[in-house]
Amino acid sequence: MEILHDTMAMQQRTLALRAAGKTISFVPTMGYLHAGHLSLLREGRARGDVLVLSIFVNPTQFGPNEDLDSYPRDMENDLALARSAGVDLVWAPLPKQVYPEGYATYVDVERLTDLLCGASRPGHFRGVTTIVCKLFNVVQPQVALFGQKDFQQLTVIRRMVTDLNIPVEIAGMPIVREADGLAMSSRNVYLSTEQRRQALVLSQSIMTAQRLARSGECDSSAILAVLRQKIEAESEARIDYLQICHQLTLEDQKRVDADSVLLLAVFIGKTRLIDNSFLL
Ligand code: AMP
């Protein structure tokens, strides 16, 4: 496994691989790898000749009062996991190489980014689309793998790739969960034992909503009212958003159908967790 930090060196490496006819599959991450990331790497390994992993905690997608400085990092462990997942190339650049002095260019996907996480984290998706576009230009992958855990991010990236004619296939991969249902996230380490217990309210809310929808309740507001009560019963939980949306437009749906996705963001103490699922 080769580890590169320099942007130009990485781009030259991938351009040479493309010229040699290799298929590049790519998994972008912010590191602190867990089984969710590993599932993307496993699929990436199967889909390309060369598997590239990027590890970069992207400053432009964090708001001023968010957790950029405290975001968990463990490069040594990440590299060991990457090696065991069969990664060929790791790209771990420094922020000043990615955003050098004078940097002034951003990618902005409209509308989809005003909703949900975009409403509560202004500028977040502009940071995400900018970094993903830059990563694609450097890594030149034919296929890139993203988790459905970040459902809105996946939708926004698909929109960007379509709109900007970026020649890459975007593969969306299922959410990997802990045995008790909590969606895996690098941020789960922030939770105390009691918060970790209360965090189960997210996945349990999804199961409740699915049970209701599958037993014939198709009024979104009735389902959401049940969930709101359930979440608010947890002392450390504060709802950021709780919505039933169309899978493509991310707009609110009054009636549940096969395109309905429940999306939720809940603070457990100071930690903001997200989860989602189709309902039918
Ligand atoms: P992150 O390091 O949090 O930026 O995530 C990197 C990639 O891993 C993104 O495409 C995420 O959607 C994906 N990912 C994170 N958590 C999970 C999970 N629990 N299951 C599947 N994919 C995940």
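This is a predicted model: local features need pLDDT of at least 70, side-chain atom pairs count only at pLDDT 80 or more; totals for chains, interfaces and linings use all residues.
**Close-up views of helix and sheet packing**

View 1. Helix 9 (residues 200-214) and helix 10 (residues 220-232) pack with axes 10 Å apart and at an angle of about 155° (axes are lines fitted to C-alpha atoms, for helices over the stretch in contact; angles run from 0 to 180 degrees between N-to-C directions). Helix 9 is therefore roughly antiparallel to helix 10 (angles over 145 degrees). Helices (H or I, at least four residues) and strands (E, at least two) are DSSP runs numbered from the N terminus. Residues are numbered from 1 along each chain as its sequence is written. Local features need pLDDT of at least 70, side-chain atom pairs count only at pLDDT 80 or more, totals for chains, interfaces and linings use all residues, and side-chain values use heavy atoms, without hydrogens and water.

**View 2. Residues between helix 9 and helix 10.** From helix 9, Val 201, Gln 204, Ser 205, Thr 208, Ala 209, Leu 212 and Ala 213 meet Ile 223, Val 226, Leu 227, Lys 230 and Ile 231 of helix 10 (contact: heavy atoms within 4.5 Å).

**View 3. Strand 5 beside strand 6.** Five bridges join strand 5 (residues 143-147) to strand 6, and the two run parallel. Val 143 has Glu 169 in strand 6 as its bridge partner.

Notes:
Angles under 35 degrees count as roughly parallel, over 145 as roughly antiparallel, 65 to 115 as roughly perpendicular and the rest as oblique. Two strands pair if DSSP finds at least two bridges between them.
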